[in-house]
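Good morning, and thank you for making the time.

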Amino acid sequence: MGSIASFLLRSSLQPSSIPTYQRAWKLFHKFYESTFHHPFPAMPISPSILAVFIAYLFHSRYAPSTVMTYVSCLGYCHKLKGFSDPSKVFYVSQMLKGFNKIGFRLDSRLPITLPILDKLISVAPSLVGSPYQICQFQAMCSLAFFAFLRIGEMTSSNGRTDNPPLQISHISKLLSSSSDLIAFKITFGSFKHSYNARPFSIVVSRQPQSCPVELLLKYLAMRGPRPGALFITVDGLPVSRSQFSNMLSSAIQFCGLSPSVYKGHSFQIGAASHAADKGLSDAQIRLLGRWKSNAFLKYIRTPSLCS
């Protein structure tokens, strides 16, 4: 029964969260040994030691969001072992509050706006690649913008199999009464914040510019009906994150922009900003982007920053 209990506890965490917990503890042990010159004995961590650890992270210029995540990981492990969460002590929670205030940094990544998306689509034929790769890249860019896709949802990364990219079986056509294709429906069985959530579908309709329906339809005609990942190489392998990122970097440079501030996540930042500009509510944007919290609000940029 003990093994079953352990299995159920491990199953309470998303597989993608486990490396974060491991990094948090590894960093804490590094801090403790460098500060006190001997290994950390055992839990629990005292609130005073946690306070010094937070100061160490501040001095090391860690981002507030990263610190909150690591402290949360340590607190979770304490509760799991039956100890009190040291981060809930008043002076520690106040330190974290202060960290959030003075350590806040605006996300340096800029949004890929609709005009920039149009440029990416138009310069794609100038990139190094086969007609199939160019067509695929155009479809990926348009779909990433209009479907609020994370790059990890379209590509594979480091051979991970716990969260495979979007599959061709997740795409279905929506037809008009006259049998004309008017949209694609994308169904997400799992996504970043999908723990205990039902599958979610989003409808991607025709657009007057950089139309995702037309570009995806053209790509699918070249791809064929082979089962598996939606975006695959000519060898049938899922497109890797690095392959897409490298092509995006080249396209960004062709547009006269800097790849250091326009990256894969810029599509979601641009999609959120575009939706806000169209008048969608925070609740609607959160749902479309499949965000669990209001963390997306930091992505929404004013029009003056989106030009």
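**T187 and its surroundings**

Let me begin with T187, which touches L166, H170, P199, F200 and S201, not counting residues up to four places away in sequence; touching, or contact, means heavy atoms within 4.5 Å. This is a predicted model, in which local features need pLDDT of at least 70 and side-chain atom pairs count only at pLDDT 80 or more, while totals for chains, interfaces and linings use all residues. Residues are numbered from 1 along each chain as its sequence is written, and side-chain values use heavy atoms, with hydrogens and water left out.

T187 is placed in strand β2, residues 181-188; helices (H or I, at least four residues) and strands (E, at least two) are DSSP runs, numbered from the N terminus. The side chains of T187 and S201 are joined by a polar contact of 2.8 Å. A polar contact here is a pair of N or O atoms within 3.5 Å; within protein, one must be able to donate a hydrogen and the other to accept it, and residues adjacent in sequence count only if both atoms are side-chain atoms. T187 and L166 are 21 residues apart along the chain, and their C-alpha atoms are separated by 8.8 Å. Buried means under 20% relative accessible area, exposed over 50%, and partly exposed in between, with a 1.4 Å probe and protein chains only.

**The protein as a whole**

The protein has 13 helices and three strands. Of its 307 residues, 39% are buried. Among contacts between residues at least 6 apart in sequence, 66% join residues at least 24 apart.

**Helix α10**

I turn now to α10. Its 14 residues, 241-254, should span 20 Å at 1.5 Å a residue, and its end C-alpha atoms are 20 Å apart, which agrees. The expected span is 1.5 Å times one less than the number of residues.

Which residues of α10 are buried? They are F244, M247, L248, A251 and I252. These residues cover an arc of only 140° around the axis, which puts them on the same side of α10; the arc is that of the directions from the helix axis to the C-beta atoms. As a general point, an α-helix has 3.6 residues a turn, so residues three or four places apart point the same way. On the face of α10 turned away from its buried side are the exposed residues N246 and Q253.

The buried residues of α10 pack against α6 (114-123), α7 (131-146), α8 (151-154) and α11 (266-277). Seen from α6, the buried residues are L114, I116, L117, L120, I121 and V123, and they pack against α7, α9, α10 and α11.

**Two threonines in loops**

T155 lies in the loop between α8 and β1 (171-175) and is buried, with a relative accessible area of 2%. A polar atom of the T155 side chain lies 2.8 Å from the backbone oxygen of I151. Beyond its neighbours within four places in sequence, T155 is in contact with M140, P165, V239, S240, R241 and F244.

T233 is found in the loop between α9 (212-223) and α10, and at 18% relative accessibility T233 counts as buried. Its contacts, again leaving aside neighbours within four places, are Y132, Q136, P238, V239 and Q243. T233 and Q136 are 97 residues apart along the chain, with their C-alpha atoms separated by 9.1 Å.

**Helices α3 and α5**

Helix α3 (residues 47-59) and helix α5 (residues 90-102) pack at an angle of about 10°, with their axes 10 Å apart. That makes α3 roughly parallel to α5. Axes are lines fitted to C-alpha atoms, for helices over the stretch in contact, and angles run from 0 to 180 degrees between N-to-C directions. Angles under 35 degrees count as roughly parallel, over 145 as roughly antiparallel, 65 to 115 as roughly perpendicular and the rest as oblique. Among the residues that meet are L50, I54 and F58 in α3 and V92, M95 and F99 in α5.

**Backbone details**

Most residues other than glycine have a negative phi, and most peptide bonds are trans. H37, in the loop between α2 and α3, has a positive phi of about 65° although it is not a glycine. H37 counts as exposed, at 67% relative accessibility. F148, in the loop between α7 and α8, has a positive phi of about 55°, but F148 counts as buried, at 5%. Finally, a cis peptide bond joins M43 and P44, with omega about 10°.
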